[in-house]
Amino acid sequence: MCPFPLNILMNTWYKLNINFNDIVKPEWKFPKPNKFMLTTFVVQADSIFKNEWLEDFRNRGFHLHVVRLFHRQPNYNESMAHVDHYFDDNDCLTLPTFGINFVLGGRDSEMVWYELPEYLKPAKDCKFNSDESEKFVTDWSLTKLGPEVNRCNIDSQGTLVNISIPHHIKMSEEPRWCISMRPWNLDLSWDEIVTKMKENNFLC
């Protein structure tokens, strides 16, 4: 069986008491995005974040190695939503349940989640019934998904987000940087990661 959260919570995000401006190295600079509407980067966590904060984060059980950066141009709105995933050594679909996101810019932009109909969920062969599937994401047209279940405006204050439920970004007229931390605790369910965050006093 693939670890797909069939009984998901509609609480798809939680604000954290972590502020990007407090943990970023003062000398760190964003990479230069290209001309495309969406640019992604993968960078080493210790190149962005202060070593003392990374060590404290690790001591609390969160091992952070790489960080994904997403740059979106103004008004870049897609008619698709996606889930994040990877494939294990047996080519079985595996869904990390969470990321910790910070956003700079993108005023009034929102992360929006949608219900995934039963017929689109993975079968025993661990494959989605999808419009498009790549190595790290699977996409569906919004017309095939269920109703909106939640939305959140993310800023420089850290936000715990569920990335195993179809989601996309509704953009505004301002360019947007998203810094998405993906700790190694990828085998935790959404309930488990929320509980772990509460136990470590990260939830606001």
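Partly exposed covers relative accessible areas between buried, under 20%, and exposed, over 50%. E110, with a relative accessible area of 22%, is therefore partly exposed. This is a predicted model. The whole structure holds eight salt bridges.

**Salt bridges around R151**
- E110 pairs with R151 in a salt bridge, and their closest N and O atoms are 2.5 Å apart.
- E110 sits in strand β8 (residues 110-114) and R151 in strand β11 (residues 148-152), so this pair ties together parts 41 residues apart in sequence.
- R151 is partly exposed, at 28% relative accessibility.
- R151 also forms a salt bridge with E148, where the closest N and O atoms are 2.8 Å apart.
- E148 is partly exposed too, with a relative accessible area of 37%.

**Other salt bridges**
- D56 and R60 meet through their side chains in a salt bridge of 3.2 Å, N to O.
- D56 is partly exposed, at a relative accessible area of 32%.
- R60 is partly exposed, at a relative accessible area of 29%.
- A network of salt bridges links R68, D84 and R182.

**Surroundings of N101**
- N101 belongs to strand β7 (residues 98-105).
- N101 has 6% relative accessibility and so counts as buried, the limit being under 20%.
- The side chains of N101 and S180 are joined by a polar contact of 2.7 Å.
- Leaving aside residues up to four places away in sequence, N101 touches M111, I154, Q157, G158, T159, V161, C178, I179, S180 and M181.

How values were computed. Residues numbered from 1 in each chain as written. Predicted model: local features only at pLDDT ≥ 70, side-chain atom pairs only at ≥ 80, totals over all residues. Heavy atoms only, no water. Helix = DSSP H or I, 4+ residues; strand = E, 2+ residues; numbered from the N terminus. Buried < 20%, exposed > 50% of the residue type's maximum accessible area, 1.4 Å probe, protein only. Polar contact = N/O pair within 3.5 Å; in protein donor to acceptor, adjacent residues only side chain to side chain. Contact = heavy atoms within 4.5 Å. Salt bridge = Lys/Arg side-chain N within 4 Å of Asp/Glu carboxyl O.
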